[in-house]
Each structure stands twice: as structure tokens, then as C-alpha cells.
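Please look through the sequence and the model shown here. A short report on the fold and some of its local details follows.

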Amino acid sequence: MNATDRVLVYGATGHTGRFVVDELLRRDLVPVLAGRSAERLAAVPPRHAALERRVVGIEEPDVLRRAVAGTGAVVNCAGPFLDTALPLAHAAVGAGAHYLDVTAEQPVVAALYRELDAPARAAGVAVVPAMAFYGGLADLLVTAALGGGSRADEVEVAIGLDRWWPTAGTRATGTRNTATRQVIRGGALTALESPAPSRTWSYPSPLGDQPVVQLPFSEVITIDRHLDVGELRSYLNTAALDDLRDAATPAPASTDEHGRSAQRFVVDVVVRRGGDALRMTATGRDIYAVSAPIVVEGAVRLLGGRHRTVGAAAPGEAFDAADVLATLERDAGAVAVRSGAARVLG
Ligand SMILES: NC(=O)c1ccc[n+]([C@@H]2O[C@H](COP(=O)([O-])OP(=O)(O)OC[C@H]3O[C@@H](n4cnc5c(N)ncnc54)[C@H](OP(=O)(O)O)[C@@H]3O)[C@@H](O)[C@H]2O)c1
């Protein structure tokens, strides 16, 4: 066993953290389970009971750095990431390990890019936030749609969920993150107008035509990091948002042998440049579960030296986006990806 096999999962006790631990094991890596609560770490599922565990709070920088020592990468699954990302990324970089997380929070990604780029470059490691369903998947699709180019006149990202069963972590993150959301307008990050614009989006079946509202997540910050986009608008179907806003909506329940819920998702991306418009669509099951193969694919590539840059980077900047998507489809069976000329969506 060496550092390049070992991956510290912070927030390993959480819903997403458990999927990530399972996926690391599936990929023959060695998860080191970490979190703030000895009690919750002691109560991991029996299949994780033999794994090494490290109890450490986010407010203990020296202990955190020691906890990371001897691992090749950190995957942070502990949100709200406004509380955890910076201390953990500093600890990872300080210990010479790569850092990845699954944040959907825009200000977190912006802060990591701002604060960790220079130290990570100096340490020769990568810091790749938002390697997950929200953020990373759209970033990878847009990058792949551009086929090696970096400029687009207009990008639209439409996420469609047949329902949203939010976890406690998602609810806490929504309450914690009150920052004004950002879009790209006139080539620059700009505050989303209020009230957020709405329209109808034509998703592939079975979702079909749905009312949507602009609700940008971390993909705006990752795309702005490495691509030259004139306008970027991100939408979510209002039915999913209604589920999220309803305090009575239950947490996700396992319905298959992998622990996935029955939730179905679509990430629809339309990229326009000049007279050309390309649409790329990823479909799959369970937005929490699918974040595990996405972030673990990033860890596998970082540990294997199959990344394009060190320092703080967007998913599509750090990795070969088309190849990551193909791997997620082929090896993990995590998403199905389709592409084709876009029709005018109104
Ligand atoms: N971008 C995406 O697509 C995507 C996908 C999945 C999840 N997420 C985000 O990931 C986060 C976790 O989601 P989840 O579904 O796994 O939630 P969860 O089941 O509620 O788990 C939350 C985890 O975070 C830990 N945690 C929270 N605050 C912490 C703090 N201040 N210090 C240390 N540990 C802390 C919890 O530790 P304890 O057990 O000690 O409470 C627990 O392990 C949320 O922010 C969610 O929105 C994003």
C-alpha cells in the first residue's frame, strides 16, 4: 500500500460519503474514512468496518494535516462546504495531497480558486472542487461539446429531475449559502437577476416540456475558470425545486443493490458558437449516487498522473472531459451521454 492508493474521504459518514467509499473500493483504491464525530465514524456500515478511520474536526488545522499525511488525495464530502472546503484544501495541499470535493456552492469554488491555486502549484498537486453532479457534470459536458475549443457565444445548462429527495446535508447547505447566485452575462460573472427568469424547457422524454427557473450552481464558476463564454444561463425544473422547498419531502431511500434512489436526472447542455449549436445530454439515476463515480474518476486520474494541470482547476480543465464522460458511461454505467445538433429551444 502506498500514498497513491490511499484516499482520505472527509464526511465519510454522510449519504454521499458512503457512495464515495464504495466507489473507491470498486476502483481498487484504499479509502481512509474521516469525519468530526467518533460516534458516527464508529457506526459506518459493516462493509466499511475494517477500513482505517480518523476522527478530526475542521477547526484543527494541524490535526487535519496529520490526518491527510500518507494519503495521495482527499475527497471532501462534508457540506456545507462553506464550512469545510478551505480548511481541508489547505490541509491537503500542506500535506502534498490532491484535493477534490462535491460542492455545488458557487462562493466555495471561487474561494478555492482564489486561495489555493498558488499553494497547490507550488506543492505540485491539483485542487478540483465541484467534481460532482451539480457543477462538474455540466462543466464536463460543455467542455466536451466545445471539442477542444474554449469559446462559446452562449451556453445553456438545464437540469431536470423527476423528483428531488434532499439529504440533510443539502438542506443545511441551502440554508447556509445565502450568497447571490452568479451567471455569465457579457462575458463576465454577474449577479442573477431577481426574480430569477423562468421559461419552458424541452427535456428529452420522459420529462418532456417542463417549466424551469434559472438556478445556477457551481458550474458557472468552473466554466468561467477555463472557458470563454459570452452568456451562461442555468435552469432547474420548478417541480424539483418545489420538492426541495417542501419541508415534508423525505430524504432519498435506497431502492437497488447499490443504495441508489429511484430518482432520474437529465443534464441538458446547449452550446452555441456562430451559427452552430450542439446539444449534449447526460441522463442517469440518483444525483447523490452518481457524484461518487464522478469524483472518484477524478481521484483515479490524479493519482495515476492523468491530469492536465496542477493548481486549482475546473473539472474540464484538469481532465480530458470527453474521456471522463466516456469512462463514466462505459465503466461505471453512471450516465448515458448523447450529443447532436440542437434545435432552437425558444
Ligand atoms: N454537487 C453535487 O451534485 C452534490 C452531490 C452530493 C452532495 N452534495 C453536497 O455534499 C454535501 C453533503 O451531502 P450529503 O448528501 O452527503 O449530506 P449528509 O448525508 O447530511 O452528510 C453530511 C456530511 O457532512 C459532514 N459535515 C457537515 N458539516 C460538517 C462540519 N462543519 N465539519 C465536519 N463535517 C461536517 C457530516 O458529518 P457528521 O456525520 O459528523 O454530521 C456528514 O458526514 C452537501 O453540501 C450536499 O449539498 C453535492
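## Overall fold

The protein chain has 12 helices and 16 strands; helices (H or I, at least four residues) and strands (E, at least two) are DSSP runs, numbered from the N terminus. This is a predicted model, in which local features need pLDDT of at least 70 and side-chain atom pairs count only at pLDDT 80 or more, while totals for chains, interfaces and linings use all residues. Residues are numbered from 1 along each chain as its sequence is written.

A compact globule of 346 residues would have a radius of gyration near 20 Å, and the protein chain, with 19 Å, agrees with that. The radius is taken over C-alpha atoms, and the globule rule is 2.2 Å times the number of residues to the power 0.38. Along the principal axes, the C-alpha atoms fill a box of roughly 55 × 45 × 40 Å.

Of the 346 residues, 50% are buried. A residue is buried if 20 or more other C-beta atoms lie within 10 Å of its own, exposed if 12 or fewer, and partly exposed in between, with C-beta atoms placed from the backbone. Among contacts in the protein chain with a separation of 6 or more, 72% join residues 24 or more positions apart; two residues are in contact if their C-beta atoms, placed from the backbone, lie within 7 Å.

## Helix H1

Helix H1 covers residues 15–26, and its 12 residues should span 16 Å at 1.5 Å a residue; the end C-alpha atoms are 17 Å apart, which agrees. The expected span is 1.5 Å times one less than the number of residues. Buried residues of H1 include Phe19, Val20, Val21 and Leu24. The buried residues of this helix pack against strand E1 (6–10), strand E2 (30–35), strand E4 (73–76) and helix H10 (287–303).

## Helices H4 and H5

Helix H4 (residues 81–94) packs against helix H5 (residues 106–123) at an angle of about 5°, with the axes 10 Å apart. H4 is therefore roughly parallel to H5, a term for angles under 35 degrees. Axes are lines fitted to C-alpha atoms, for helices over the stretch in contact, and angles run from 0 to 180 degrees between N-to-C directions. The residues of this contact divide into 14 nonpolar, no polar and one charged. Ala, Val, Leu, Ile, Met, Phe, Trp, Tyr, Cys and Pro count as nonpolar, Asp, Glu, Lys and Arg as charged, and the others, Gly among them, as polar.

## Backbone details

Two cis peptide bonds are listed here.

| Cis peptide bond | Omega | Place of the proline |

Asp28, in the loop between H1 and E2, has a positive phi near 65°. Is Asp28 buried or exposed? With 8 C-beta neighbours inside 10 Å, Asp28 counts as exposed.

Asp286, in the loop between strand E14 (276–285) and H10, has a positive phi near 70°. Asp286 counts as buried because 24 C-beta neighbours lie inside 10 Å.

## Asp209

Asp209 is in strand E11 (residues 209–214) and counts as exposed, with 9 C-beta neighbours inside 10 Å. Leaving aside neighbours within four places in sequence, Asp209 is in contact with Thr200 and Ser202. Asp209 and Val32 are 177 residues apart in sequence and 44 Å apart in space, C-alpha to C-alpha.

Note on methods. Parallel < 35°, antiparallel > 145°, perpendicular 65-115°, else oblique.
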